[in-house]
Structure formats: C-alpha cells, structure tokens
Amino acid sequence: MLYDRIGPVEQKQIHDGPFHGRIETADVGDIRITRISESALQTEVTPTTLRQRENTETVFVLIQLAGLSGSSQDGRDAVQRPGDIIVLGGRPNIHQSSPTDRSLVLELPRDHLENFLGPTKIYTAIPVGPASPGAALTVSFFKELVGMTDNLAPDTAGRLSKIGVDLIVASIAERLAQDLPLSLYGTVVVQRAKAYVEENLGDSTLDPRQVAAAMRISLRRLQELFHSQGQHISDWIWERRLKAAGLRLSDSACNHLAIAVIAYDCGFSNPTHFSRRFKDRFGMTPREFRHVATSSV
C-alpha cells in the first residue's frame, strides 16, 4: 500500500519497540491524500528508488497532525510539530517519524507549486508553522476535506483540490517572505508578481507595467527577474489568461456561459482577438475546444 501511494522508498525502524502503522487513502481532484500513522520509522528516498519511480513530476506536501517528525532535503534539516506543513521534492530526502506520528501526505503535480513559487529546491524542508494564519487555514481545510471525500462529486472534488493548492501556495509564499535571503529575493518577487497576475486576470488593462507598479519595482527590473527564470512577463500574462479560459471552456458547469463572456472574464476585451490567440495556443477555436472537452466527459 505504501509503495502504491508514496512510491519506492527505503525504510527502517528506528526504535526497539513494536511497530504500529496505519494507512488511509483518498484522491481529491489532482491531489492524492494519504493519512499515515506510524511509530518511529525512517523513510528515505534515494537516487536508486527515484530511478524506479514511474512518475517523477510530483511533489509531496506533509502536514503534521500529531507527534514530531524530522525531514532533510537540499541541505536543510527541519523538525515538524503538529500543525506544520513541509514540502519534499522529487529528489533524495529523508523523513523520520516519532513513536506517535500522524500525518497527511499530499501528492500533487510539481508544476502546481512551481508555476507560482519557483523551483521546489528553494522551499523544501522549510516548515510552515501554525503561527501563520495561512498555514493554520490550510491544515484545517485538509483535515476537514479528508472526512468528506466519499461524498464529493468529481466536479466538486476538482474545484476543492484547486482551492487546496492555492492555500498551500499562499502558505509557502508567506513563509518565504520571512527573513528572506538576498539570493532568493528575485525568485520571491517573481512569485508575488505571478500571484498578482492570477488575482487580476479578469482585468483587461492588466499589463507588465501595472504588475511592476504593484511590486514597487521598475518595469525593466521586473522583466530582468522574469528573464532570469527563462520567462517573459507579457507572455506569462497571456498564457495564464488562455489557460484560465481553457479551464472554463472545459468545465461543464460553465456550459451556460457564452464564449464571449468567458473571454471577458479572463481579461480579453476583444472576442476576435481572443479567438485568434486561443487557436494559436490550442490548435482549435474556443467553440471547437469546448465541444471536444465537454463531449468527452
């Protein structure tokens, strides 16, 4: 069961008493949730076990429910206490649980975090504690969610998984803003800029200059920071608008909305311009895309 949920790992018991363990599983949208109770166990992801994994494009977010545990990755060591959230990426790492350890392990696509927070190596093994309002809300959300997974319709589960990811992203971003090393400044500014874009996609006047003003830096500096990550701020805005429109067009709950309305809601002021950009991006018109996406459900 653990192999199926977490993937290949090396494990060993780290105390002499009897071992107790329990695993409960649930899938909510794009998030695979595993609730684990275990007594004093070391779980190690090694280069060998990584090569055995079928899917290397996911990350694990651990939420400590009870007991203490420790994690090591990317040169950092951390202790997790109840209410703490921590990320372990798809690279070698070690996790040690206490005799009374209980936790939620969330597996989700890596790009769900990296699109907003940058490479996971920046924030792995950095605990986000319950003193953070965002982290406290995130932990509460997932504790409630695991209790209702059996009763969720697929569309509802998908929407809730997106909310859950947004909460995780907000919690980590909040933590990174504290005592930020200078070397991470540019990455966090880009993260904040992306979050600002996401929050204002529906504003047809949104442009790089407005984003730079919101970040309180010059447009040139913002462009430099995006270029350092191999991206362009203007391209990012258009890509996020197009992806948002694609998600809405493929959502059966939005079938009653005219395509022009969806275009306006995603920040396009001209339906013709929207259709042209959409076809360039997805290879079909918005109407064709909607028909293919919703008829296959």
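Two strands count as paired if DSSP finds at least two bridges between them. Helices (H or I, at least four residues) and strands (E, at least two) are DSSP runs, numbered from the N terminus. By these criteria, eight bridges join strand β2 (residues 21–28) to β3, and the two run antiparallel. The model is predicted: local features need pLDDT of at least 70, side-chain atom pairs count only at pLDDT 80 or more, and totals for chains, interfaces and linings use all residues. Residues are numbered from 1 along each chain as its sequence is written, and side-chain values use heavy atoms, with hydrogens and water left out.

The chain holds 12 helices and 10 strands. A compact globule of 297 residues would have a radius of gyration near 19 Å, and the 21 Å of the chain agrees with this; the radius is taken over C-alpha atoms, and the globule rule is 2.2 Å times the number of residues to the power 0.38. Along the principal axes, the C-alpha atoms fill a box of roughly 70 × 45 × 35 Å. Of the 297 residues, 45% count as buried, where buried means under 20% relative accessible area, exposed over 50%, and partly exposed in between (1.4 Å probe, protein chains only). Among contacts (heavy atoms within 4.5 Å) between residues at least 6 apart in sequence, 70% join residues at least 24 apart.

In the hairpin of β2 and β3, two residues lie between the strands, and Gly29 takes a positive phi near 60°. The bridge partner of Asp27 in β3 is Arg32. Strand β3 is also joined to β10 by seven bridges, again antiparallel, and Arg35 stands opposite Leu104 in β10.

A further open sheet of five strands has the order β1-β4-β9-β6-β7 and antiparallel pairing. Its edges are β1 (10–13) and β7 (76–80), each with a single partner strand, so one side of each lacks a neighbour in the sheet. Neighbouring strands are turned by 15° against each other on average, direction ignored. Four bridges join β6 (residues 69–73) to β9 (residues 93–97), and Ser69 has Ser97 as its bridge partner in β9.

The largest nonpolar core has 34 residues, and Ile33, Leu106, Leu113 and Phe142 have the most contacts inside it. Such a core is a set of buried Ala, Val, Leu, Ile, Met, Phe, Trp, Tyr and Cys residues joined through side-chain atoms within 4.5 Å. Elements that each supply at least two residues include β3 (31–38), β10 (101–109), α3 (111–117) and α4 (133–145). Helix α5 gives the most, with eight residues. Leu106 touches, among others, Ile33, Val59, Phe142 and Ile168, not counting residues up to four places away in sequence. A second, separate core of 30 residues includes Ile233, Ala245, Phe274 and Phe289.

Definitions and conventions: Axes are lines fitted to C-alpha atoms, for helices over the stretch in contact, and angles run from 0 to 180 degrees between N-to-C directions.
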